[in-house]
Amino acid sequence: MMRGRQGGIVLIAMLAVLVMSAAWFTVRSIAALPGDYTARNRAQNAEVLARAKAALMGHIALQAAKAAEPDPGRFPCPEPTSSYGSATEGATAGSCSPPAIGRFPWRTIGTDKFLDASGEPLWYVVATNWAYANNAVIGTYVINSNCASDATMLCNSGLLTVDGLKDTVALIIAPGQAMNELASSGCTARNQARSASTIDPADYIECYNAAASTFATKGVSTSFNDQVVKITVSEILPVIEAAIADRFQKQFAPLMRAAYSGTPWSAAAGFPFAVTMSDPTANPANKLQGTSGTTGGLLPGAYAYVGAGYATCGPTPCVLSAPTPCTVQASDPRCDPTFVSWRTTANAGCVAANCTAITQTGGASLHSSSNCSVAGTPSVMTCTLNASVTLLQLIFGTNWMTFNLDAVAANAGLTWKYLNAPPMAPAITGIDTTYSNSPIGYSIPSATLDSDGSARIRVAARVTITGGTVLAALGALTCTSFGTPLCYAVTISVPMALLTDQPMLDPANATYNWFYRNRWPEVTYYSLASPLAPGAAGTCTTGTNCLQVNYSSDAGKHRAIVIIAGQKLTTFDGSGNPYTQLRPATNVKDLLDDINANGASPFERHATTLHPNRYFNDHFAVIDKNP
């Protein structure tokens, strides 16, 4: 795990180096601008602006990588006017009214107070939907790689228009000395007057229209003396994407590794099948339901319950409360309480390769007519156990039967489920609750993923048959002896809540819901080695049938990975042909670049012949690998 964290930190650091390199070219270009300032003043301002830009971008990356950040990628608001000259000067406002204009929040970012060549603090502008607006609900912003191109996303429609081009998330401005601004194209006449008591952005910044989100980086010398650097959406997204990949590996990979491994799961490791690659914003791909046999595609994300992941009770052993099913609605296509459901027994109509089965393990005899039916949403499996005893058994107190119920849950291996096994488990009605793990009444000795994507959960329990319904006849059996009933039917009910959702899928989980809420799965590719798929061995051999990720220190060891795709590029497909990507992505090559566009091992962590972020911008996160 430490190696993965270090890799993420190194990746973010490399991006910071690229940012600093870009900042140097910004310094050179700004210093060459015409204007009333001397070249020395322009160079000094350019250097300060470059430092501020690098610091702000680094701050965004570090915040996005933090586990507690509900809206990764968001920018801070400017310093509020109430902070000027106070002990909190330089601290960001908790919310603002974007496009927000104010002084640069140096204290929040963790820098010195930046001043331009005229001794003025730097100013700052942030675009709409990139910083918390007044009365905004925290944890509702959507920022991902498609912000650069998808006009339907608020993070795109809210971008600033600078010099006629709508591509900017933030501006940092050295305001220079106050000037008598003359009217010109895009500039309103104003004799700037600066006062510590009443600060008006128009007395510091020239030639902008906040209502229209339009700004300028240059103008005629009689109307403009600002020096400006901008942070474009194309510049900030690679930084955010690297942070998201790092955070995914820290936060989600441990949950994914534990989902189908460890007691009582039989395989050493295992992962669900992927979602077939197609438009992730349209049905059926937007449901994020895996497809049996698919080892590369979109990341599964279908869920059934709200607030159920890792539910607890106490003291243990204890019975979990019934979870709340999610509400099916068009705005949340991932919600589907029917997707993972119980299968019946073969004699109740199941025709799948894997059906629910009941086996007697002790006590009374189980008749072959015993069956399990399924109904409800989420499904509940109701099993009728038809059992018989001899008179001698009853005389000596054998009025019970122990059994194994191999309950099969269809599609459990096509998303990320959580097995609620004792000592904290849901109630199964009709069983003897004193038998095992009281008051739960049962154990789960084994669980297995099958190759069709179903899960087989073995429930070991006991019923008191004489507490059931007396049967007058049971096949060819004699059901009475000296007036004593010998045949009984006992009914038990097994809730689907035996398998709830991993917490990362739960939209009500404030710790984990950021990834799916920010629609990162629309730009995330998931791949697993075939021996780690449902029904497979659960182990892969390094360098043979594990995934191969070239230019990784663990090349040949990977069991499962995700690749966070950057913004769409004009790049190359998996055959080396030039290709312009489309979003929403309908094919792997619309997400991934160069050899990765094939969507299968081998992958490459970077392309040695392609310029980063111009022709290649894939970011890797490791879910699991061999030691």
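At 13% relative accessibility, C355 counts as buried, where buried means under 20% relative accessible area with a 1.4 Å probe and protein chains only. C350 is likewise buried at 13%. A disulfide, defined as a pair of cysteine sulfur atoms within 2.5 Å, joins C350 to C355 with an S to S distance of 2.1 Å. The link of C350 and C355 is left-handed, with -80 degrees about the S-S bond. The model is predicted, so local features need pLDDT of at least 70 and side-chain atom pairs count only at pLDDT 80 or more, while totals for chains, interfaces and linings use all residues. Residues are numbered from 1 along each chain as its sequence is written, and side-chain values use heavy atoms, with hydrogens and water left out.

The structure holds 9 disulfides. One of them is formed by C77 and C96, with the sulfur atoms 2.1 Å apart. Both cysteines lie in the loop between α2 and β1 (100-103), so the pair ties together parts that are 19 residues apart in sequence. Helices (H or I, at least four residues) and strands (E, at least two) are DSSP runs, numbered from the N terminus. C77 is buried, with a relative accessible area of 2%, and C96 is buried at 9%.

A disulfide also joins C540 to C546, S to S 2.0 Å. The torsion about the S-S bond of C540 and C546 is about 95 degrees, so this disulfide is right-handed. Both C540 and C546 are buried.

Definitions and conventions
Buried means under 20% relative accessible area, exposed over 50%, partly exposed in between (1.4 Å probe, protein chains only).
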